[in-house]
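Hello,

Please find the structure we spoke about below. My notes on its helices follow it.

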Amino acid sequence: MQSATFAKPLWQTYLLFLAPMVLSNFLQSMSGTVNSIYIGQMLGTQALAAVSGMFPVVFFFIALVIGLGAGAGVLIGQAWGARETHMVKAIAGATLLLGVLIGLVAAVLGTVFARQALTGLGTPADVLDDAVAYAHVMLWILPSLLVFVLFTQLLRGVSDTLSPLLALIVSTAVGLALTPALIRGWLGLPPLGIQSAAYAGLAGNLSAMAWLAWRLIRKGHPLAPDREFFAALRLDRVILGKVLRIGLPTGVQMIVLSLSELVILALVNQHGSQATAAYGAVTQIVNYVQFPALSIAITASILGAQAIGSGDLQRMGPILRTGLLINVCLTGGLIVLGYLLSHWLLGLFLTEDSTRAMAEHLLHIMLWSLLVFGFQAIIGGIMRASGTVLVPVVISIVCVVGVQLPAAYWLDGQFGLQGVWMAFPVAYLGMLILQTLYYKLVWKHQKIERLV
């Protein structure tokens with residue numbers, strides 16, 4: 001499979017790798033979008049506000065797993081490029097077991113402190129009880145979600161983006177079928193209100209993982225859950241040390257980003273539940289653009305890692321240039337669609353005209369900057385392929401903590417709610433400038449070696 005990967009023209013390899021991942025991200029976003037539509041249309045704006053408050057909280061816990069997946073994905077990509085299947089299994093087994101432990105800890109601590117966390121975020125009093133009830137359910141199903149997310153990341157390290165896509169189709173179909181049935185109590189099911197989406201998501205995840213295990217075993221996949229794979233489920237300190245050296249900075253970066261979102265949400269919450277609902281709706285639209293941009297960065301990182309593993313270092317530059325061009329076409333095209341269809345798209349979530357108008361204005365302020373976000377993410381992804389993560393992560397953290405948050409507070413005081421959203425483009429531009437400088441002045445002059 002490795003030789004076939006590098007035999008194709010680079011743009012074709014990129015698109016074949018990227019297309020299933022973008023479709024997967026689309027399905028993930030669509031699942032959240034349709035669930036939000038169900039809740040907004042069937043339960044009302046206050047229910048949507050209650051659910052929206054959990055977005056950054058759940059993301060906080062998912063951040064660690066994303067970091068683990070990023071680190072393991074680089075190592076698996078290099079091992080796969082070097083055709084060392086046994087090392088692929090060892091890396092995957094150690095990483096998955098650590099991910100399970102993180103999920104269990106997150107479920108316990110998150111449930112215990114859910115009310116305090118949501119209160120600290122300034123969740124509006126009229127939706128706090130509903131938000132806490134939703135949080136308790138969402139956090140207890142978090143371990144299954146984390147395992148599913150992590151395993152799909154590992155599969156991409158061996159250039160398998162189709163299996164995660166098909167598994168996500170199963171998960172999405174089950175979840176979207178069950179959510180309205182649980183909201184209304186159809187087919188004899190208990191009516192569960194805003195908790196319906198969480199329970200439906202759990203059923204979808206479990207169904208998808210069972211189907212995925214069957215598919216991988218049937219195909220003799222290198223990451224199939226067979227006897228050899230389960231034997232690799234151990235906390236290997238050497239492997240995890242390498243995974244954490246790459247993944248922990250990425251996880252810290254994701255946590256800082258999630259904490260910044262908590263601060264942004266707290267600022268938004270000060271403007272009332274209508275603003276909170278607008279925040280949730282805008283987040284849904286932004287996901288459709290931001291996740292594909294991140295997918296391009298992940299593709300660049302995995303292809304770069306495989307090139308390093310196979311000793312084909314001259315492909316690193318073309319991989320970066322191809323990723324940047326695809327970002328212009330794909331992310332740029334989605335941004336244009338977002339502007340053209342914003343009124344209609346936001347109307348899918350929000351039934352009140354005043355709330356929709358508010359959300360549309362906020363979306364227009366920052367949507368264009370996601371193209372800049374994509375550029376800096378791809379540059380960071382190429383550097384991560386070689387294990388260089390610390391400085392790119394520090395750059396992102398400095399731009400969020402030292403630029404975005406102070407700007408959000410100051411602009412909120414100057415322009416009100418819209419000022420909060422003006423801080424996003426400022427931070428993304430800072431990230432792009434600094435990442436580019438580090439790439440050109442430092443990284444390009446370093447010696448690149450295999451990590452495994």
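**Helix packing notes**

H3 and H13 cross in a left-handed sense, meaning that the near helix is turned anticlockwise from the far one by less than a right angle. This is a predicted model, in which local features need pLDDT of at least 70 and side-chain atom pairs count only at pLDDT 80 or more, while totals for chains, interfaces and linings use all residues. Residues are numbered from 1 along each chain as its sequence is written, and side-chain values use heavy atoms, with hydrogens and water left out.

Helices here are DSSP runs (H or I, at least four residues), numbered from the N terminus. H3 covers residues 45–52 and H13 residues 273–309; they pack at an angle of about 65°, with axes 8 Å apart. Axes are lines fitted to C-alpha atoms over the stretch in contact, and angles run from 0 to 180 degrees between N-to-C directions. H3 and H13 are therefore roughly perpendicular (65 to 115 degrees; under 35 is roughly parallel, over 145 roughly antiparallel, the rest oblique). On the H3 side, the contact (heavy atoms within 4.5 Å) involves Thr45, Leu48, Ala49 and Ser52, and on the H13 side Ser273, Thr276, Ala277, Tyr279 and Gly280. By class, these residues are 4 nonpolar, 5 polar and no charged. Ala, Val, Leu, Ile, Met, Phe, Trp, Tyr, Cys and Pro count as nonpolar, Asp, Glu, Lys and Arg as charged, and the others, Gly among them, as polar.

H13 also packs against H14 (residues 316–347), at about 170° and with axes 10 Å apart. That makes the two roughly antiparallel. Their contact has 20 nonpolar, 4 polar and no charged residues.

H12 (residues 237–269) and H18 (residues 417–441) pack at about 160°, with their axes 9 Å apart. H12 is thus roughly antiparallel to H18. Glu261, Ile264, Leu267 and Val268 of H12 meet Leu417, Val420 and Phe424 of H18. Of these residues, 6 are nonpolar, none polar and 1 charged.

Last, H2: a kink of about 30° lies at Leu18, shortly before the proline Pro20. The bend is the angle between axes fitted to the seven residues ending there and the seven starting there. After H2 comes Gly44, with a positive phi near 105°.

Regards
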